[in-house]
Amino acid sequence: MTVATRPHALVEALGHTIVGQRGVVESLVLGLIAGGHVLLEGPPGLAKTLACRALAAALDGDFKRIQFTPDLLPSDVVGTRIFDQARGLFTTSLGPVFANVVLADEINRAPAKVQSALLEAMQEHQVTIGLETHPLPEPFIVMATMNPLDVEGTYALPLAQMDRFLLKVNVGYPSADEEGHILERFAIDETGFVRGAATLDDVRAWRSEAHEIHLDDKLKRYIVDLVVATRAESEYVDRGASPRATLALAFVARAKALIEGRKFALPDDVRAIAPLVLRHRIAFNYRVVTDGVDTDAFIGSLVTKVPAP
Amino acid sequence: MAGKPARLPLKAGLAAAVGATAALLGAVAGAQTYPRLHVTSFTLGSDALRPVADRPFHLVVTIFVKERVRSLDTLVLPNLSAMELTGDERRIHSGPAGSNYTENITVVAHRSGAIHVESAYLDAIDARDGKPKRFYSNELDLVVAESTPTGPAFSFAQAVWWGLRASAFAVAAIAIAWFLIWVLKRIIMSSDIPPEIDPIDAAKPFRTPERVESEEQTLERLLSDMKRRRDRASLMCVREILWEMCGANEGATLSDVIEKAQEFRPGLTSSLRLTEKAAFVQDEFFQSALDEAIAALDAYLR
């Protein structure tokens, strides 16, 4: 009998490949357990792509990478029907979206119709090509990256589409010590991925375990209070978070408790994951830019203002 | 009662005065602006669920609010006309995590049998949704037992036995009183500073002077209450005072409190973790989690 791997072990295994960026690694595993997709935003060269590849390798699942470019077509993502001259009929060629872990690199570089094709697949977990509907493999997780600096020639994701991502992770620069470790590890050697740290069956088991994590009524009230607080009148906010954010907070808090090895969630779990869940679901207005407001700091103060149970 | 005819009008007067004050408070509460409160707990309890007739016991009203308040003027006590009111003590303990209001009402029931005490209530604007609300405590059912054996069954031998016991108690009480006076004299004589005596507030005959309770004493009191009641509400009271002891701010979570505890009260860390676990664990694991929390708190208080 084999002992199932715990989610914490997967986080540790990814830590062997990714130096620092503990928050990013944990967020990827949170998304994996909660069954949601993750949007990573940060300047180039911060191991966003590497983190996604490391996760796919650690899971031993199918991994596909789609480089989003302005000339990409929806069929390049989901697949298309091709005429087979030898047999004289149309056959379906499935696109790269049919994998367990899909990396949508620089998602904002492709036009809206391509983004929509991917986001629809993310939501429905199936793709329709011609008259045939093809279910996507399970588990299925999309990790999309965005570069916030080079905005020229990009197509910003509308709020409604951003809402499809369970988590949005802001990837920051490593500390000086971490950068020293990166230099030591990657200057000489090739990137070494840890393979088989967990199986796809482990992921399915974690998902059903996460559903069993106890969420106390006080905590449910706290989650609702947090989301309602985002809708309070503010000079910087046009629209607050949707009820989808309420559900997402509950899913991810449970996943966080599972990673921590608990069978019950705590207010600490909710507060820790609140910025990840809320930051892309709040519509800020132009004053944020003109007044130079740090939206993450704004969300942080909003979260601390709501009394925890 | 029959042995003290001179005190009857005074007690009746006290009860009438308290009744009038309660009615006046109710009327004022209707007219004034309600406070904005986040009420987390509101209970009515008694230190004796089977009190004995003609013996005083206490009714305790406990309210926890997340705001720092100096008084709760819109609190209305239940009708206690079935009992004689002999005292009323209010305490309010405010900290960064909120305020703990305790009202200790001393009452005497003169007739045996069942007494039903209605809920106390508090009018306030609910800070959660900004709407005016009336918060109710629980109701209370008491069963008053007979005071002493009476009637033909009370034999001469029993009367002698009771007399001897009463005499022994009286002698012991006098000896203890003498000993205490002697100790007090020694303390006063050995100190140059005269002891400070709190002035008696003649305008508030029902209210005993406010006792200043240390945080540890409050914790001990709430812990013993939690051991007796073994429910989540009493656990939340203990958790509240623990967080207050660590200087938790509004909006703080366990990690903030532990960070502060490690600096100022490192011995409390384990108690904080275990009370948090008991506060949020599933109902079926609550009792075992509560035992762990009690063990940690006992270890800290030792």
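Two rings of Phe, Tyr or Trp (for Trp, the six-membered ring) count as a pair if their centres lie within 6.5 Å, with planes under 30 degrees apart called stacked, over 60 edge-to-face and the rest tilted. Keep that in mind for the opening stop.

This is a predicted model, in which local features need pLDDT of at least 70 and side-chain atom pairs count only at pLDDT 80 or more, while totals for chains, interfaces and linings use all residues. Residues are numbered from 1 along each chain as its sequence is written, chains are lettered from A and ligands numbered from 1 in the order in which they are written, and side-chain values use heavy atoms, leaving out hydrogens and water.

**Aromatic cluster, chain A**

Select A:Tyr236, A:Phe284 and A:Phe298, which form one aromatic cluster. The whole structure holds five aromatic pairs over all chains. The rings of A:Tyr236 and A:Phe298 are 6.1 Å apart at their centres with planes at 85°, so this pair is edge-to-face. A:Phe284 and A:Phe298 also pair edge-to-face, at 5.6 Å centre to centre and 85° between planes. A:Phe284 sits in strand S11 (residues 283-284) and A:Phe298 in helix H13 of chain A, 14 residues apart; helices (H or I, at least four residues) and strands (E, at least two) are DSSP runs, numbered from the N terminus. A:Phe298 is buried at 17% relative accessible area, whereas A:Phe284 is partly exposed at 22%. Buried means under 20%, exposed over 50% and partly exposed in between, with a 1.4 Å probe and protein chains only.

**Backbone stops**

Staying in chain A, go to A:Pro139: the peptide bond from A:Glu138 is cis, with omega near -5°. A:Pro139 lies in the loop between strand S7 (132-135) and strand S8 (141-146). Next, pick A:Asp60, a non-glycine with a positive phi of about 60°. A:Asp60 is exposed, at 53% relative accessibility.

Hop to chain B for B:Arg230, another non-glycine with positive phi, near 50°. B:Arg230 is in the loop between helix H3 (215-229) and helix H4 (232-245).

**Core and charged ends**

Now colour the largest nonpolar core, 107 residues, where A:Leu10, A:Leu59, B:Leu242 and B:Leu272 have the most contacts inside it. Such a core is a set of buried Ala, Val, Leu, Ile, Met, Phe, Trp, Tyr and Cys residues joined through side-chain atoms within 4.5 Å. Helix H10 (residues 243-259) of chain A gives the most to this core, with 10 residues.

Finish at B:Trp243, where the charged end of B:Arg239 sits over the ring, 4.3 Å from its centre. That needs NZ of Lys or CZ of Arg within 6 Å of the ring centre and within 35 degrees of the ring normal.
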